[in-house]
Amino acid sequence: MQESLLDVAEEPTLGSLARAVRRVPLTRGAWVDLRPGWLAGSGPVFDALVEAVPWRAERRHMYDRVVDVPRLLCFYGEDAPLPHPALTAALQALNAHYGAELGEPFVTAGLCLYRDGRDSVAWHGDRTGRSAREDTMVAILSLGAPRAFLLRPRGGGRSLRYEVGHGDLLVMGGSSQRTWEHAVPKTAQAVGPRISVQFRPRGVR
């Protein structure tokens, strides 16, 4: 799986977060931060992760049957070494920028590989653990081909759409995991693969 040639020439470099992040207030105490192109030259990082990460397929119960999860997964728990120095640097930069507001560090990284437009994730909030009752943050670094990332109020309502890829950063904060939902829908369009790296605090999944 070859990542776009648009982002392979530069040495991977993290840009600034201070004064470069745009915050979008949502409803009920939720918000989303956007930092396009935060990891410049992300193409080599994408290629390295495709090869180095021990991706696994999962199956889950859905209603009365067991189905394939439509993406490949890998989870790096607290204190586990991350699979690329750029991700370690991203974790450190996120903690430096958001640590005071969050009140604790990001400590885990969940990776998802969306191989093509048939891979997706349905509407959900990251509500396993204390995020079901507490405000928190989830920071997503997107590598590879851009995909639609949708947000909508929990219970229904008008959705917001962001195209994220090629080193873009999207951070969901406040009550967003309890009062809003997010999804990456399937698409019939010809799209390349994308890796989503989700940084989370302790006890949030």
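What percentage of the 205 residues of the protein count as buried? The share is 51%, where buried means under 20% relative accessible area with a 1.4 Å probe, protein chains only. This is a predicted model, in which local features need pLDDT of at least 70, side-chain atom pairs count only at pLDDT 80 or more, and totals for chains, interfaces and linings use all residues. Residues are numbered from 1 along each chain as its sequence is written, and side-chain values use heavy atoms, with hydrogens and water left out.

**Overall fold**

- The protein contains 3 helices and 15 strands, assigned as DSSP runs (helices H or I, at least four residues; strands E, at least two) and numbered from the N terminus.
- The C-alpha trace spans about 45 × 40 × 35 Å along its principal axes.
- Of the contacts (heavy atoms within 4.5 Å) between residues at least 6 apart in sequence, 78% join residues at least 24 apart.

**Charge**

- There are 26 positive and 22 negative side chains, and the centres of the two sets lie 8 Å apart.
- Lys and Arg count as positive and Asp and Glu as negative, without His and the chain ends; each charge is placed at NZ of Lys, CZ of Arg, CG of Asp or CD of Glu.

**Arg71**

- Arg71 lies in the loop between β6 (65–68) and β7 (72–76).
- Arg71 counts as buried because its relative accessibility is 9%.
- The side chain of Arg71 reaches the backbone oxygen of Ser120 at 2.9 Å.

Conventions:
Buried < 20%, exposed > 50% of the residue type's maximum accessible area, 1.4 Å probe, protein only. Polar contact = N/O pair within 3.5 Å; in protein donor to acceptor, adjacent residues only side chain to side chain.
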